[in-house]
Amino acid sequence: MEVYNTACALLFIVHNFILLEGFQWSYHQQASHVFNVVLGSNVSLPCEYVLTPQEQQEANIFHLLTWTREQPFNSDNWAGLAIKSTLTGSKVIYDDPQHIFMTNGALNVTNVSIKDHTRYQCAFQSSFFATPSIIELNVQYKPTDTQLSSSSEPVEEGKSLVITCTARANPSAEYKFYRNNKLISSSSTGVLTFVSAKNDDQGTYRCVPHNILGEGPQATITVTVKDEEMFPIWAYGAIGGGVLCVVLIASLIAFCRARKKQPDTRGKKPQNNVSRQGNATGAHIGPAFYGQQMNGGREIGHLNGALSFSDVRINREIPVAMKGAMSANDIRLGENTYSTIQEAYPTRSVIQLIEAGRELDTQL
């Protein structure tokens, strides 16, 4: 048991000694995890390490230094850029050696572009294993690709309005908003909000993004505020349709009532209101005589017809109900000429006139 403990202690001491004296990345390498570089400039990414004398002897026999790049950023997919070894010397794997190349283990990137913004990894291998060193290349540039948009165009008065400005930038851009060339707001989010739009809010809006590297291209948009719509258009259509429907129904009802009141003359002979003159043969009291003898004190119930001229001599014996069946000419003539006719014709009742007519027809 004592021998076992002694062996464990020796292994612990040897292990810590190797960690302290073995391969190490330089202090500068360990501290330089992020490199800030302005768009279009040049940068050199170091690959610095410290070897023990024994590791240096081994590295002179064989070593391999590689540079890889993460594509795209934060994807954990790495692609080879350059390689250096005792067997091949320095060799650039990247397809544009004028843009990326290696010098004494350092990776040089010229005319840095936005696509170069990613992480780079340096790895050193010999008879021992070294954990790779990762450096992030932070490409900074002023705003670009500015775009300005409105939530609605035109916007109705009293409704909300949101104007949004966007731009690509590193560091992030801030935004200045102008209306009709007058500065009205500055925003870090690029959002300009109107809770209730007014007529004064309409005009030409201009957005200018900027960061520590300068201003980016501006963008403009025209905003129109229309009067508040008191009544929706669809409501006017619905009301008009309802009024038209009511008019059609009223017209149909009026037409049906007119047809109902119109007398049906089919199969009937036309009536002639012209009074006839003549003897007892031409005298008649409608198509039928309803009632009983008037001189007996009984009342005539209904007479459907008109009296001819010869019947007017008994005008004063005819009740009021019967006068309504005679034409206006017969009644007026009968009243005006009653005394003259009475001299020529003695007063007789209607029944006597009818019986006289029958006798005359029999003689003829």
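Select Asn74 to begin: with a relative accessible area of 55%, this residue is exposed (buried means under 20% relative accessible area, exposed over 50%, partly exposed in between, with a 1.4 Å probe and protein chains only). The structure is a predicted model, in which local features need pLDDT of at least 70, side-chain atom pairs count only at pLDDT 80 or more, and totals for chains, interfaces and linings use all residues. Residues are numbered from 1 along each chain as its sequence is written, and side-chain values use heavy atoms, with hydrogens and water left out.

Asn74 lies in the loop between E5 and E6 (strands, E, are DSSP runs of at least two residues, numbered from the N terminus). Its phi is near 65°, a positive value in a residue other than glycine.

Remain in this loop and select Pro72, located between strand E5 (64-70) and strand E6 (78-85). The peptide bond that joins Gln71 to Pro72 is cis, with omega near -10°.

Next, select Pro171, in the loop that connects strand E13 (161-170) and strand E14 (174-179). What is the peptide bond from Asn170 to Pro171, cis or trans? The bond is cis, and its omega is near 5°.

Proceed to Asn181, in the loop between E14 and strand E15 (182-187). Although Asn181 is not a glycine, its phi is positive, at about 70°. Asn181 counts as exposed because its relative accessibility is 64%.

Finally, select Leu213, in the loop between strand E17 (203-211) and strand E18 (214-215). Leu213 counts as partly exposed, since its relative accessibility is 31%.

Terms used. Helices (H or I, at least four residues) and strands (E, at least two) are DSSP runs, numbered from the N terminus.
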